[in-house]
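Here are my notes on the model you sent. Please read them with the structure open.

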Amino acid sequence: MSDRCAVVTGASSGIGEYTARRLARDGWKQLLIARREDRLQALAEELGGDAHWLALDLTDSDAPAQVRFRVDELWGRLDLLVNNAGAAWRGAFADVGYENVRKTMDLNFDAVVRLTEALLPVLRESAPSSLVNVSSISGRIGRAKSGAYTASKFALAGWTEVLRMEEKRNGVHVGLVLPGFVSTAGFPQKELTGNAKTRWLVSTPDKVADAIVRAGPGGRAELAVPRPWGAVPRLRYGAPGLVRRFTG
């Protein structure tokens, strides 16, 4: 158990940081990935000798190769990959256009696929192992002025479902986590948390981190956070008119 090794992307803050802390408590060795070197280094030093860091932009062409090299250098194996890094640049399509779609897909989907391609052979060699993709409830239902983000998360959710089918025989479990609104330092969600009627919509990054563990080593296929959000995709198909009024 003490030899388990994980890669966590987007680890410098928010869900990624809390996931790194949760895994450290469970005794995992980790490689933390993000762009902010100062934040990564401080977190790795706080977590101790089993935490390593690599500062890079996952959209760079050589990023997957850099991560793969570091994994081979550190451990030569990999038990868990958490694809958490992502971002949102919101706006109506008529205002932000294709360029917004391109850069959002580049980070939220393409970078995930490319990193997974680089590390999947190691996950297979280390099987039983697991991979968790952090999508969003927006990967199951659309919302105005978030078209690019929604498209990227829909793509990630769909690709994850297929990858789960394909990799099961290879001993690699593929899980999906669908956070709703999550309160972090950068996004406190005060408008929702300040209203008793909407407070239930908001979760915290530590709960998402718990879901990542349950969807990875825990073997769950798909988890929504908070749990009531899991009903929203079902409502989308069962009562589409009601959902359109709500999301609009």
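This is a predicted model: local features need pLDDT of at least 70, side-chain atom pairs count only at pLDDT 80 or more; totals for chains, interfaces and linings use all residues.

1. Aromatic pair. The structure holds 1 aromatic pair. Its partners are phenylalanine 109 and tryptophan 159, arranged edge-to-face.

2. What the pair links. Phenylalanine 109 belongs to helix α4 (residues 93–125), while tryptophan 159 belongs to helix α5 (residues 147–167). The pair therefore ties together parts that lie 50 residues apart in sequence.

3. Which class does each partner fall in? Phenylalanine 109 has 16% relative accessibility, so it counts as buried; the cut-off for buried is under 20%. Tryptophan 159 has a relative accessible area of 22% and is partly exposed.

4. Charge over a ring. Arginine 90 places its charged end over the ring of tyrosine 149. The distance to the ring centre is 5.0 Å.

5. Serine 12, setting. Serine 12 is in the loop between β1 (5–9) and α1 (14–25). Is serine 12 buried or exposed? Its relative accessibility is 7%, so serine 12 counts as buried.

6. Serine 12, partners. Which side chain makes a polar contact with the side chain of serine 12? That of arginine 36, at 3.3 Å. Beyond neighbours within four places in sequence, serine 12 is in contact with Glu17, Ala34, Arg36, Arg39 and Leu40.

Key
Residues are numbered from 1 along each chain as its sequence is written. Side-chain values use heavy atoms; hydrogens and water are left out. Rings of Phe, Tyr and Trp (its six-membered ring) pair if their centres lie within 6.5 Å; planes under 30 degrees apart count as stacked, over 60 as edge-to-face and the rest as tilted. Helices (H or I, at least four residues) and strands (E, at least two) are DSSP runs, numbered from the N terminus. Buried means under 20% relative accessible area, exposed over 50%, partly exposed in between (1.4 Å probe, protein chains only). A charge sits over a ring if NZ of Lys or CZ of Arg is within 6 Å of the ring centre and within 35 degrees of the ring normal. A polar contact is a pair of N or O atoms within 3.5 Å; within protein, one must be able to donate a hydrogen and the other to accept it, and residues adjacent in sequence count only if both atoms are side-chain atoms. Contact means heavy atoms within 4.5 Å.
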